[in-house]
Amino acid sequence: MTEIVLVQGDITSESTDAIVNAANSSLLGGGGVDGAIHRRGGPQILAECKQLRANTYPDGLAAGHAVATTAGDLEARWVIHTVGPVHSTTEDRSATLISCYRESLRVADELGATTVAFPAISTGVYGWPIDDGARKAVHTVRATDTDVTEVRFVLFDGRAYRAFTDALS
Ligand code: ADP
């Protein structure tokens with residue numbers, strides 16, 4: 001059974017085993033959560049991402065997939081990088097968003113991470129509506145068979161926090 005916990009704050013401060021990065025497919029950094037993780041986590045994370053690009057993902061990590069690095073100077077042990085879909089009004093990309101949560105939990109299981117912090121994937125620069133993003137996040141975690149005992153959704157602002165509170169109830 002996975003316990004779901006909601007907190008409002010900055011995901012880079014979490015001391016869960018793993019924190020999930022809302023990355024982009026380049027794996028080479030960006031804004032939002034991604035920028036904050038690399039800023040606070042130091043150069044080690046980017047160095048590992050560059051290695052992943054060189055060795056495993058020459059064309060980048062596709063949306064819906066996830067891969068882990070160490071967490072550099074962060075308190076967490078690992079960062080799980082996942083690439084959310086850009087929201088579209090003409091194409092339903094829900095399966096890709098759901099895959100981000102599932103794949104991140106699968107990678108967490110591989111690592112042996114039992115506590116994992118997630119941001120609200122795709123709901124920033126990638127434009128996914130927060131209420132729907134929150135429902136899909138909560139429902140997917142509930143429906144996924146995983147050894148992770150605690151999923152902590154770390155929501156940056158009050159609006160996102162309320163959306164997740166509604167989705168949980
Ligand atoms: P995406 O490109 O997947 O939309 P973003 O990083 O732009 O990713 O935003 C994802 C969500 O994370 C948004 O709801 C945004 O408000 C939130 N966010 C931004 N910075 C942080 C942070 N440091 N900690 C937690 N959440 C954050």
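Colleague: How far apart are the end C-alpha atoms of α4, and what span should its 14 residues give?

Modeller: This is a predicted model, to start with. The end C-alpha atoms of α4 sit 20 Å apart. That agrees with expectation, because 14 residues at 1.5 Å a residue should span 20 Å.

Colleague: Which residues of α4 are buried?

Modeller: The buried ones are I130, G133, A134, K136, A137, V138, T140 and V141. Note that a lysine, K136, is on that list.

Colleague: And what covers the buried residues of α4?

Modeller: The cover includes β1, α3, β6 and α5.

Colleague: What about α3, what should its span be and what is it in the model?

Modeller: α3 has 18 residues, so at 1.5 Å a residue it should span 26 Å. Its end C-alpha atoms are 26 Å apart, which agrees.

Colleague: Which of its residues are buried, and what covers them?

Modeller: In α3 the buried residues are S94, L97, C100, Y101, S104, L105, V107 and A108. Their cover includes the strands β2, β3 (66–70), β4, β5 and β6, along with helix α4.

Colleague: Which non-glycine residues have a positive phi?

Modeller: L27 is one of them, with a phi of about 60 degrees. S122 is another, at about 70 degrees. For background, most residues other than glycine have a negative phi.

Colleague: Where do those two sit, and are they buried or exposed?

Modeller: L27 is in the loop between β2 and α1, and it counts as buried because its relative accessibility is 2%, under the 20% cut-off. S122 is in the loop between β5 and α4, and S122 is buried too, with a relative accessible area of 5%.

Colleague: Changing topic to the cores. Which residues touch the most other members in the largest nonpolar core?

Modeller: V116, F118, F153 and F164 do, in a core of 32 residues. The elements that give two or more residues to this core are β1 (3–8), β2, β4 (78–83), α3 (94–111), β5 (115–118), α4 (130–143), β6 (150–155) and α5. The largest share comes from α3, with six residues.

Colleague: What does F164 contact, leaving aside neighbours within four places in sequence?

Modeller: F164 is in contact with L6, A120, I130, A134, A137, V138, F153 and L155. I130, A134, A137 and V138 there are also among the buried residues of α4.

Colleague: What other core lies apart from the largest one?

Modeller: There's another of 19 residues, and its members include I19, C49, A71 and A76.

Colleague: Let's do β4. Is I80 buried or exposed?

Modeller: I80 lies in strand β4 and is buried, with a relative accessible area of 0%. Leaving aside neighbours within four places in sequence, its contacts are A18, I19, V20, N21, A66, V67, A68, S104, V107, A108 and L111.

Colleague: How far is I80 from A18?

Modeller: They are 62 residues apart in sequence and 6.7 Å apart in space, C-alpha to C-alpha.

Colleague: What is H81 in contact with?

Modeller: Beyond its neighbours within four places in sequence, H81 contacts N21, A23, L27, I45, C49, L61, H65, A66, V67, A68 and T69. L27 on that list is the residue with the positive phi of about 60 degrees.

Colleague: Where is D145, and is it buried or exposed?

Modeller: D145 is in the loop between α4 and β6. At 75% relative accessibility it counts as exposed, because the cut-off for that is over 50%.

Colleague: Last one, the largest pocket. What is its volume, and which residues are closest to its centre?

Modeller: The volume is about 620 Å³. Of the 27 lining residues, G32, V33, A120, G124 and V125 are closest to the centre.

Colleague: Which element gives the most to the lining, and how does the lining divide by residue type?

Modeller: α1 gives the most, with four residues. The lining divides into 14 nonpolar, nine polar and four charged residues.

Methods. Residues numbered from 1 in each chain as written. Predicted model: local features only at pLDDT ≥ 70, side-chain atom pairs only at ≥ 80, totals over all residues. Heavy atoms only, no water. 1 Å grid on protein atoms, 1.4 Å probe; cavity = no way out; pocket = protein on both sides within 12 Å on 5 of 7 lines; lining within 4 Å. Points joined across faces, edges and corners; volume = space filled by probe spheres on them. Nonpolar A, V, L, I, M, F, W, Y, C, P; charged D, E, K, R; others polar. Core = buried A, V, L, I, M, F, W, Y, C linked by side-chain atoms within 4.5 Å. Buried < 20%, exposed > 50% of the residue type's maximum accessible area, 1.4 Å probe, protein only. Contact = heavy atoms within 4.5 Å. Expected span 1.5 Å × (residues − 1).
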